Structures are given as structure tokens and as C-alpha cells.
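Dear colleague,

Here is the structure I promised to pass on to you.

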Amino acid sequence: MSAQYQRFLKVLEKWPADKSKAGSGEPAIRMSEAKIISGTAVAKSIREELRNEVAAMAKQAKNFAPGLRIVQVGGREDSNVYIRMKIKAATEIGIKAIHVQLPRSITEVELLDKINDLNEDPRVHGIIVQMPLDCDSPIDSHRITDAVSPEKDVDGLHTVNEGRLAIGDLGGFLPCTPWGCLELIRRSGVEIAGARAVVLGRSKIVGTPAAELLKWANATVTVCHSKTRNLEEITRSADILVVGIGVAEMVKGSWIKPGAVVIDCGINVKPDPSKASGSRLVGDVDYEQARLVAGHITPVPGGVGPMTVAMLMKNTVTSASRTLDRLSKTLWTLQPLPLKPLRPVPSDIVIARAQKPKDIALLAKEIGLESCEVSLYGNKKAKISLSVLERLEDKEAGNYVVVAGMTPTPLGEGKTTTLMGLVQALGAHKNRNTMAALRQPSQGPTFGIKGGAAGGGYAQVIPMEEFNLHLTGDIHAVSAANNLLAAQLDTRIFHENTQKDKALYERLVPKIKGLRKFSPIQLRRLKKLGIAKTDPDALTEEEFGAFARLDIDPDTIMWERVVDINDRYLRSVTVGQSPTEKGIARSTSFSISVASEIMAVLALSRGLEDMKRRLGDMVVAFSKSGVPVTADDLGMTGALAVLLKDALEPNLMQSLEGTPVLVHAGPFANIAHGCNSIIADEIGLKLVGKEGFVCTEAGFGSDIGMEKFCNIKCRTSGRKPNAMVLVATVRAIKMHGGGAPVTPGAPLNKQYTEENLELVQKGLPNLLQHISNGNAFGMPVVVSLNAHVADTPAEHELIKKAALEAGAFAAVVSTHWADGGAGAVELAEAVIKACAQGNRFRLLYDLELPLLDKMNRIATTMYGAGQVKLSPAAEEKVKRLTEAGFGNLPICMSKVSGSFTGDAKIKGAPKDFTLDVEDVYVSAGAGFVVAMCGEVTKMPGLPTRPAIYDIDLNTETGEIEGLF
């Protein structure tokens, strides 16, 4: 024992016995040994608290558990010991901890990639990188710790978290060992505020953060290190002494103020012949001396060590809790974009260009998407991963609203504009979680006569150029897949006509390195044929032929090539005229891309597996014996799925007021079912939550798009819409009352620019039939009058009164085109009230009904027809489809959009007419039977003066001009 320490003990004997509080002035006499602060006991208590928290999380959210990933490079045994301790503690608490062990050969780039994957995994709430890195090549450990997301840095070592601690922001993750020290001091009962604290050591992991924590706990802190002078004198002034110097038993009893709290963070191995191992663990404090002087002291082992692990677990649970809170939030943190409407209202593109969109990554975060669920296409559009549906599986869906229209004029009545005004009103003005869900427009109308489809005025999707042109390439993917299938179809016919069975078979199942092998899709064909063989060489001659020959009847081919432009000269073409095709030519036609069955499949699929099944089920023709020939028979299923994999993910954009918009799929409504995708709606309904709204549109009038939305789309998805918004205009009502023809590009007749109550009265039956259509499905109908400048209050009142008398839930006038969301607030309030009425949605018919009966049910209820009459050809096809097993599919009526009848010239709401069905075919992949009512072209043509003349690229600014 040193002479200095002996003198210190003599002084101790003379001190009074009534002063025991640390920081009370003069040191107190120590009449007994220091109280042991057991880190083991405190850590056990913390783990129990955490176990209860995790159990509560599991009750709050099914299948939710905190996730911890422990990344280790190499396999040092000392590191393995620590990792096992952490995993054991995590398992006891209910944390799903996984040891991510990486090879010594890993490079820094590879390690950074792995950490980035963990950063983006929503199941992971905490990441720690076990140090030291046991690697072959040099790796910057600081760069690695800083690669961990600050939001998952449960070690508290990221520069951001260190910086937050330095400025007193304790909302980040605190480093585990210093935080454990602070917790031990607090649980000792010693008051920290006002105490004099000395931290011996300034390491990044212990000393420096411990000093910061004590400072923000209102202690007066001194940090000592290897260059500090008068070290013993300074430590003897400490009411609280934290030691992390890395030297075994350096701090002696003479260094300690009597009654002080001593926290020993050191851990060192000291030789000890009395131990079986020949050594024992000691701290940086000479425990035997210190316990005679200190008031409280931590042992080694059993002091700070267990607390480090406990606080690591606490950080992990805190991170998980924050994630759960974010998931449980019912209201988004959406920041709307302000609108400043001008008068007169500028052109659509001027309005769109004047509003700077928010960064799409920010919008994605605002609506609750994880970064790993968003694939950015620049900074104004993105794709959303289907994995979000798995993550939000247990979340309640929001209200589902379909926006439909009355029978439109050729100019359109502003259905998309109304939808955008409604979502802007709900999201930016009524503070409701709201998502618009739109179809992607075809480039055909964009360059043709209609122009863009982003809405209009101050109710638009932005950027409108992106929306109206390529977007993320989904339609191009559909075109490529469609035309690859067409190429394979014609090629198969060619090869079957030019080869014998055996030669054809040997080319379909070639020898590769002397071995024939069936591909998985060929094994499916064998199974379909009832051939229970897997050895290609075991088939009989008859089986060779059955497998190799589809024997397609060219007269039954239903598959057409497509392009995404209007081109009337492709309505009838001949393929196979080259001499190389050996005279195997046939007449066919092109359709516009959005008329492809693949587009309908994309819109109706519920996931990748469902899409693959539907693609394989598509019937492209019949064999000469009447057997349906599918894409799967042609070996195309996998290739089609590969081309469409990314296209199945919905696209995220935004409105002029910064509310989210999902854009996905674009089937034509007069040919296919005319709705955006089920997947987009599902993602939207989960993201908005129980009190939110997803507003989607159905193409053309309610008789076409809305009917198919209900009977096809909702039947497939199982969703029940809560309300229908019916868009109407005074102009359209006047046209149906006998007004002059409305022609694109020509001035409106004065009947439409002056008040004419008589025409309005005569045209009301058309509107009332559409109200009846919505009510037939059990939906409350909210009529939205899209106001135009020539409308009068008297005309509006007449329409509103008639609508309410006909059973509409509400009828409001909306000025969203001129005023944005502010002009649709009354509409938004009516929709909120309508959705609160309770869901009484019902389908129009049962699938068990015969195909003709289903057609009659649609025609009589939706159109006001008396009956459906099949042409002889259609009657024969109905019989064939029924026999082939397609009789229980829903019906997709393909008819003109400008009339309830099959004749676009007939306006109003005629009754008891006969609807002629000229042709019937099956879209087996999409899952419906198409009934063609009259001449409905699947390939539009360009007008005399298409929009092409006005569209240009400004080469100085790079901006697109002329879109509208």
C-alpha cells in the first residue's frame, strides 16, 4: 500500500459521519463498503420491461416483431462470444435477431452493398456491425459504421447520432455503453444534476459520449485523458467517476472521493494462478481499494458489460416502436403544394409548368412508403413495389370511390378533371388521406384529337408531359409482349406447315450436349395432353405429333399485333407475303396497344403469380378440332411474364396540389373493361387506411366503364365501392335533349353558350338513367356538375333538383377546373357523407347465368334496352365458348360510347330498343367474354388535323410544347 494512500486513510478516520450525499461539499466518512451497482440485475430488469413492450407490439400489429441484424466479417471467436450474448438477449425479449456472417474475402464495396440492403429492409429495425472487421482486404471501419442508416444505428455510432448527442438532441440513438453507465448511475439513486462528474478516457465509443450524456443530465463534467495533468487531484473531486481508460486497475482508492459513484467501463485480463483458467477479468479501477472509499461501484464483470447489451436491445425496441407508430398513424404527414389560380385560366400546360412538383421520394415518404418499396424514375415519377401489399397485409382498407360519367359529347365532360379536383379537395383541403388511381393514357389520343388525359385547368396530374407520353414504359412493355406472342403464333403455324412430326418434335426438344430435356412449360403441355412421361425419348410416334402440333385453324385466330398510335391503315393487313414464308399468308389487323388483352390482364392481375397464370390462359386461336390454343401452348408464358414484370408495378405521380396519384394500366373502355389496375387500387386502399379515400375512374359513361368496373373488376378483386361520383355537364345534357351536334375543333352552337332550360329538361333522361345505373349496384350516387363558363344558375338548379328526385344522394356544382381543390370542396364533403352511409354494394348478375342472359341483364338494366339479339355468327360463338368452358365468365360489352344504343347517332335515353351483338370472343386471360355490339374499331385513325401539328420540342429549353 502506497504512503499516499495510507495518509488518505488516516484522513478518512477523522471525517464526520453525517454527510453521505455525493456533491454535498466535503467528503463523507465511509463506515462500510460501497454499494454494488449490479449491471446484471439492472439489465435483467430492463430486458423484462422490453419483453413486455414487444408483447404489446405483437398485440397491436399481427406478425410484427422488432428485427435486429448483427453483421460480422470473418469469424473471430471473441466476436462470436459477444454475438451469441446479443442473440440470446434478443431472443429472450422477442426480438428477431439474425447473425449475418460474411466471409473474410468480402470487399468494402460488397459490405457497403449488404448494409444498404439491410437499411432498405422494412423488417430490420436495428443494424450493428461487429468490430473489429476480420477481413483480408483493408476496409474503413468508420465508413462502414456511417453506412448504417441513422434510423437503424442501434449502436449509436453514426456521425449523425453522435452529432445529435453533442448538441443535446437525445432523440437519436444513444451509444449503448455510455447510456448504460448513465442508467446505472440513475438507478443508484444518486442525483446527477449539479454533481461534479469526471470521465477518465475520451474514446469515441465510451468516454466522449459518456461526458456528453452527463452534461445534458446537468452534471458539471471534466474529461481527462493521457495528457491531463494532476489526474489524481481531478478524479478526487468527482462525485461521479466514469472510467474507460483501457489500463487494468489504474484507478486506485486514493484517486476516489469518499462516497463517490464509480462506474468502471474497463475490461482487462489479468493473470491469476488461483483460477483454473490462470487469469481473471478486472476493470480499469482497483476494485478492492475503491470499494472501501466509493459510495457506489460497478463490479467487473457484472457491471457495465450486461448494460451495454441491454441498452442495445432497448435501442432496437425503440426503433421498432417508431416504425410501428409510423405504420399506425392514421393521418399522413402530407404537405400540400399551394395553388394560385390565375384569371383568365391559362392553358393546361402553362398551369402545369407553373407548379413545381415535389420530389417524388419525399411524397412517397409522406404517404408511408419505405425507400425499398420505391423505384425512382428521375425525381418526378416512381414505381411502387408489390411488396408493400405484403407489409400492409393486416392494415384496414380505406373508402373506395368510382368516378363515372354520363354519356359524353365528343369533347368529353371532364371525368378525369373532376377526379383530380375531388382528390385535391379531399387531400389538400379536407386533410384526408386520399389517393387518385388513374389509367395510363395511350399515345394514340395524345397525338390524335383528344389530347392528353391528365385532367385539366387547376385539377391535373403533373408533370403532364411525363403522364401523357412514355411514363415508365408500361405500354411499350405491353406492346412488346403482345407482338412477341403474335410472332410466335405465326411462326408456329409456319413451322408446322413445313415440317414432319418427328423433325418438328426434335427441333422443339433439341439435344443439348447429347441430351434432350423438356423445359418446365413443355412439361405442362405434356400434362395437359395426358402424357405422363418426362423422358423426351420415351414418347411414341403418336405422342410426338400430339405434342408438336397445335394444328391451329387460321380462320379462328383472335390475336392481333398492336402499336400505341392511331393508324387507320393497319385496320386490315396481310402478313406472310415474303417469299421466305412459302405462301403461308393470312389477312389480319392491328389494334391500338391499350386494346390488347395483355393490357386487360395487367389491369386485373393481383400479383405476379396471378399475372403468369392469366397470361398463359390467353386463348389466341382454336385448333382445327375446336380446342382452344393458349399462350401457354405456344410456350410463351414465362417470356411474357419477364417482359411485363416491371410493368405490373404501379406508377406514383402527384396532383397540382401535391397529393398522390397512382397511374397504372390503360385498357380501353369501349373494347375492354376500361379501368386502372386492381393492384394500384389495392396499394392505394392500404396506404390511405381505414378513414382514407381511393378515388378511381371508369372509362366513358356509367353504362360502359362503371358497369365493367363493378361486374368485372370488383368481382375479380372482391372490393366493394362505397360511392359513385357521376360527372355531368350542362353541355352534354343539352346535346341529349336534341341540341346541335358537338364537333371537335368546331365552334359550339349558341344553344350551348346561352341559357336554354328547355333543352336541359329534354336531356335530363340521359342523366337520370346513369343515376339509376349507380343505384342498381347499391351505391350512393353523388352528381358532380362540372361547371363551364356559359352555364347559368338556373340550369344548374334544374339539373340538381332532377338528380335528387331521381335518387341521387347529392348533386353539387364543382369549379375545380378554375379553382383546383378549393372548387371541389362541396363535392368532397358530399363524398365523405356518402361513404359514411354504409356499404350496400351488389353485383348485377351471377356468373352461373348463361352468356346471353348476362348480356340481357346488362342491356336492359344499364342501357334501357328491351332485348339483346345475337347475329348467327355470334350465336354460334356463344355456343362454342360455352362448350369450351367459358360460359361462366363475366361479360365485357364492347359498344359505342356516345349512346346507350349500338348507334352513336342516337342520343338521349331511348327505351326498349333491340341491342344487336355482331360478334363474341373470349379474353380467357383477362377472364371475360367480349360481346361486340355494332362496329367498334380497335384501331383509331388520325383526324384531318391531329394534335401532331401543335406538338413540338423547344430545342433551347428542352421543353415539350403543344400538349393539352
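Helices, of at least four residues, and strands, of at least two, are DSSP runs that are numbered from the N terminus. With that numbering, Pro 132 is found in the loop between strand 4 (126–129) and helix 5 (141–147). Please keep in mind throughout that this is a predicted model.

For background, most peptide bonds are trans, and most residues other than glycine have a negative phi.

Two residues have a positive phi without being glycine. Asn 63, in the loop between helix 2 (39–60) and strand 2 (67–73), has a phi of about 70°, and Asn 63 counts as exposed at 68% relative accessibility. Ala 665, in the loop between strand 27 (660–663) and helix 25 (678–688), has a phi near 65°, but Ala 665 is buried, with a relative accessible area of 1%.

Turning to the aromatic residues, a search of the whole structure finds six aromatic pairs. In one of them, the rings of Phe 518 and Phe 547 have centres 5.5 Å apart and planes at 55°, so the pair is tilted. Because Phe 518 lies in the loop between strand 19 (515–516) and helix 20 (520–529), while Phe 547 belongs to helix 21 (residues 541–548), this pair ties together parts that are 29 residues apart in sequence. Phe 518 is buried at 5% relative accessible area, and Phe 547 is buried at 3%. Ring pairs also link Tyr 505, Phe 518, Phe 544 and Phe 547 into a cluster.

Arginines meet rings as well: the charged end of Arg 322 sits over the ring of Phe 173, 4.9 Å from its centre, and that of Arg 880 sits over the ring of Phe 622, 5.0 Å from its centre.

Finally, helix 15 (residues 415–429) packs against helix 32 (residues 825–835) with the axes 8 Å apart and an angle of about 80°, and the two helices are therefore roughly perpendicular to each other. The residues of this contact divide into eight nonpolar, two polar and no charged; among them are Leu 422 and Leu 426 in helix 15, and Val 831 and Ile 832 in helix 32.

Technical notes. Residues are numbered from 1 along each chain as its sequence is written. This is a predicted model: local features need pLDDT of at least 70, side-chain atom pairs count only at pLDDT 80 or more; totals for chains, interfaces and linings use all residues. Side-chain values use heavy atoms; hydrogens and water are left out. Axes are lines fitted to C-alpha atoms, for helices over the stretch in contact, and angles run from 0 to 180 degrees between N-to-C directions. Angles under 35 degrees count as roughly parallel, over 145 as roughly antiparallel, 65 to 115 as roughly perpendicular and the rest as oblique. Contact means heavy atoms within 4.5 Å. Ala, Val, Leu, Ile, Met, Phe, Trp, Tyr, Cys and Pro count as nonpolar, Asp, Glu, Lys and Arg as charged, and the others, Gly among them, as polar. Rings of Phe, Tyr and Trp (its six-membered ring) pair if their centres lie within 6.5 Å; planes under 30 degrees apart count as stacked, over 60 as edge-to-face and the rest as tilted. Buried means under 20% relative accessible area, exposed over 50%, partly exposed in between (1.4 Å probe, protein chains only). A charge sits over a ring if NZ of Lys or CZ of Arg is within 6 Å of the ring centre and within 35 degrees of the ring normal.
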